[in-house]
Amino acid sequence: MIRVSNIEKFATHDGPGIRTTVFLKGCPLHCPWCANPETWKMEPTLLHDERKCVQCKTCMYMCAQEAISFPFQWDIDKCIYCKKCEDACLQDAISFVGKDIEIDEVIKEVLKDKDYFDQSNGGVTISGGEPFMQFDAFLELVKQCKENGLHVAVETTGNYSLDKLEQALPYIDLFLMDLKHLDAKKLKDVTGANLDLILNNFRYLAKYCPNKVIVRMPVIPRFNDDICEEVIKFCAVLKLAEVNLLPFHTMGKNKWNQMQIKFKYDQDSMMDRDILNPYMDIGKKWGVKVKIGG
Amino acid sequence: MARINIDGEQNVEVSIKIPCEKSYSEQLEIMEAYTKVHKENRSKHKAIREVECLKVLFPRLFRSVESDDLIAGRLDFLPIGFGSVTSIGGVGHYCVFHKLRAFKKHLKTDQERTRVDALYDYWQEHDVKSIYCQDVLNEDTTGRFIDCKYPFMATARLSGMMLDYKKLVTLGINGLIDLIQSYPTNEFMQASLECMHLFKSVIRRQIELGDQCYTKDKARNCDLDLMKSDLEYILEHKPATFHQALQLFWLYALCAGCINYGRMDIVLGPFLKNDIDSGLIDENQAYRYLKSLWKMIENRRTTVNGRIIVGGKGRENVEACDLFTRICLKVCKDTRYVEPQFTLRFDSNTPKDIMDMAYECIASGATYPTLYNDDVNVDAVQYGMRVDRKIAEQYVPFGCGEYVIQGKSVGTPNTLLNLTKILQLALNSGYDPMDHIYKAGPVKVLPLSSFRTFEELYDQYKVLLDYYFDLSVYCQKHSYEVMNQEVSFLFNSILMDDCLGRQKAILDGGVEILGGTNETYGNINTSDALYAIKTLVYDQKKYSLEELNVAALHNYEGYERLRKEILALPKYGNDIENVDEFANDLYEYVAKGIRNRGIQHGMDYYLIVISNNQTNTDWGHQTDASLDGRLKGVYLNPANNPQGYAANSGPTAVLNSLSKFNVKYHGGSVQNIKFTPRMMYEDKEKVKILFDTYFKKGGCQLMVTVVDHGQLEDAQKHPEKYPDLIVRVAGYSAVFVNLTKDVQDELLSRTLYD
């Protein structure tokens, strides 16, 4: 059994070719720009769509735990995940994200698009959240993916101990691994991540399988938009061949609203991807392929 | 005998027709002359009467050459006249009554209006379609096309005729005359001969019309000189050049009332290549001529027809055909017209550059070419139509997607079934919940409480379907009998195998392959409803069948939670095995049921088509809430695609579901998909592979609309900003803002992939 937040088919931004991306629940970080905040917690997460809600309060009346109040607020500590509120909402304004699925079932679902993977050199991407959070189930999942001849990519924060990485490595063809900052304190303060763990994993991969790594850097205003070149240099030093600069976007904003959490970048607009173009030349200078976008 | 009212719209008409060039009084005069000849020749053989009637129309109804036409041939039609199809005029000797009434309003004097009344009265008894309708329409089961109160609609028309233009351009007019004269004669052959002479008078008239167009513009005059000399040439010779062949083909198609043209690469490609190789013209000139043809086709405004088909198997001079194809692709991309319906047949041997050009054309938002997969379709047609492979290679989709064999088969869709409505008869003791009229004919429909198992209910539904299949095959065949009793469709017959050889008109035993098609609607609403019934009533036992039905009868008002539960059940279009299998099981039952009846009744083929124009929307208005969760009056699912809200697992899943039907049982099925321009351009290679894989998995057809997020919504609010936003409705493309709001809403409901 593995706890899945979503399975997205024909994912075109999560690795080469046509892919199916399996988003897993659970993340050790809390990046304030996150596009998938509903994946952070292991428990199912309630999303409430204000645009659909007609304020009938049926959900509130149905909840014996009094976990729902209006203006809409969901009390996670009281919720027992009976999902009566979701069933009762005729507007489909409430949905819970996250359900346990047998690994066999996940594989079955993924294999439905195998023909498309084979034609396009695509495959499966395990994302999240942080896939390594459900480590045992994740390991089983990637093992079974490999047994079924799939190309396996993971989108990962790198924020876990090296032994886990070592165990999973044989079953993973491509790491799309985030590098969000090179300043340990800043990284810790804003995202909660531990830079030492991350760098340790990068160094290991760079040593044993540099071709399996694409470094991903979400470029975030006022956080790391001034250190892109440093990240490129870091890749050059480790002889990692490719870095993707992911321009800041606000496409996850609606999810934050649906979780009744203020999105820190409410006032920021989408980053114009063209402003990152100069880094492609800088990359050439350092012998690193810089791609804008994933 | 009480007359069945057959008045009203007879076809989908989105594009606005260009008004007749003649004055109203002249139009009246022509219609009177036509009527007089029709009356006077009543005792004559139908072929003789037909050609006499055609002489009233031709060449008189040809209109002026427009200032940028590069070939001649523009034809008006009137509310009374002769034709093959309802999109242009009417069928056989026709009167379109509502258009005649509208015409009457334009007349100034009572005297003129009285003359119209006399015509109206005469044609009530003689309009071919009316004669047919009196025979088959009734108050409960069978309605006219388009009257959506009925579970079944029937019409008489000769749609989708794609003639053997190769024969025309190879023989020329005199060659055809020689051919006609080489056979034993009879009235049909005499009339055919006269048709050819009438055709020559049409060409001579074009020369006169062209002469009226000379201006001070030297370049224009040069074009007119060519037009004139080529018209003069083809009067007495078989065409020698691309321009001559194009000219001859076009005028013939107009005279025949054909609005689908077919494999023009085969007909015109060799002339084109010859001219280019010899240096007579270059590709730019060919482009200009084809662009002019494109405009002439657009100006006929048939909404759902205008097929030009290129590519695929069964072409002799492939290089010449591909040369023609490449120029057409350029014209199509540049013109962005809703017609012609430009269609690419392809297979694994199609050159990559042609596939790439096609992709670019689609990505630009032209909705064309629509794509037909010959690696799948040729085998399917061979089985479906029971023809040999060489013949199957000449299949062509017409109108909204029905197949015929070019020059060899009739396959007009004269019958239409609403599968969802018929299921509702099964659930309501034979009564239609929309109007409480009993529509089950002689079928005994049991009360709901008697269905102890799902299979018993499904069997009851199948008995009703069988009854409607029987009606369908009778009405389809009878449409041929009535049309054949009244007319010979001479211009069509002359270029259809093997009418001349047999000395028989097309429906008189002349055509080699007498087929037909039946358009089925609500396929997926029905299979999803059956799935919901089986799951909730018989598997989970959560509700009784009565409870579900009562909820639907109340349009789910007061039963919203139940509807939510139904909507949450798996739906077709998400690559879910058991629900797709339901759709497939129903598809095979219906498709085989129709096909077998056709064979039993002596037709060469009779196949279902899962296409639609906008009948899914129109019929939805008159169809009660269904147990897939669809509300009363809401559009039915388009073609064999999922209902708008139901597909939410991405494009691979929907294409996987679509490719599960075994294509050999149908005679055409269309698949819509909608992408953003971003995806079409940024993910170009992946989208190409997506299409390619779908086709490799057995996908038979695909047509693609490219629009941006919010664009359609904005176009509803600000139509003036979107004069050329083209969308694929189903079997036709349209400028979005010209569609009615209900059809726009159906399009909006479809999933947009980004």
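Analyst: In this predicted model, two residues count as being in contact if their C-beta atoms, placed from the backbone, lie within 7 Å.

User: What makes domain 1 and domain 2 of chain A count as touching?

Analyst: Five residues of domain 1 of chain A meet the 7 Å criterion with six residues of domain 2 of chain A, and therefore the two domains are in contact. By class, the domain 1 side of this contact holds no nonpolar, four polar and one charged residues. The centres of the two domains, taken over C-alpha atoms, are separated by 32 Å.

User: Why are β7 and β13 of chain A called edge strands?

Analyst: Strands β7 (99–101) and β13 (289–292) of chain A each pair on one side only, and they stand at the two ends of the order β7-β1-β2-β8-β9-β10-β11-β12-β13 in an open sheet of nine strands with mixed pairing.

User: How do you know that β2 and β8 of chain A are paired?

Analyst: Pairing requires at least two bridges, and five join strand β2 (residues 19–24) to strand β8 (residues 123–127) of chain A, so the two strands pair, and they run parallel. The bridge partner of A:F23 in β8(A) is A:S127. Helix α5 (residues 135–147) of chain A packs on this sheet, touching β1, β2, β8 and β9 of chain A, and its direction makes about 175 degrees with that of β8(A).

User: Which residues make up the contact between chain A and chain B, by number and class?

Analyst: The contact takes 17 residues from chain B and 12 residues from chain A; the chain B side comprises four nonpolar, five polar and eight charged residues.

Methods. Residues numbered from 1 in each chain as written. Chains lettered and ligands numbered in written order. Predicted model: local features only at pLDDT ≥ 70, side-chain atom pairs only at ≥ 80, totals over all residues. Domains from an automatic or database assignment. Nonpolar A, V, L, I, M, F, W, Y, C, P; charged D, E, K, R; others polar. Helix = DSSP H or I, 4+ residues; strand = E, 2+ residues; numbered from the N terminus. Axes fitted to C-alpha atoms, helices over the stretch in contact; angles between N-to-C directions.
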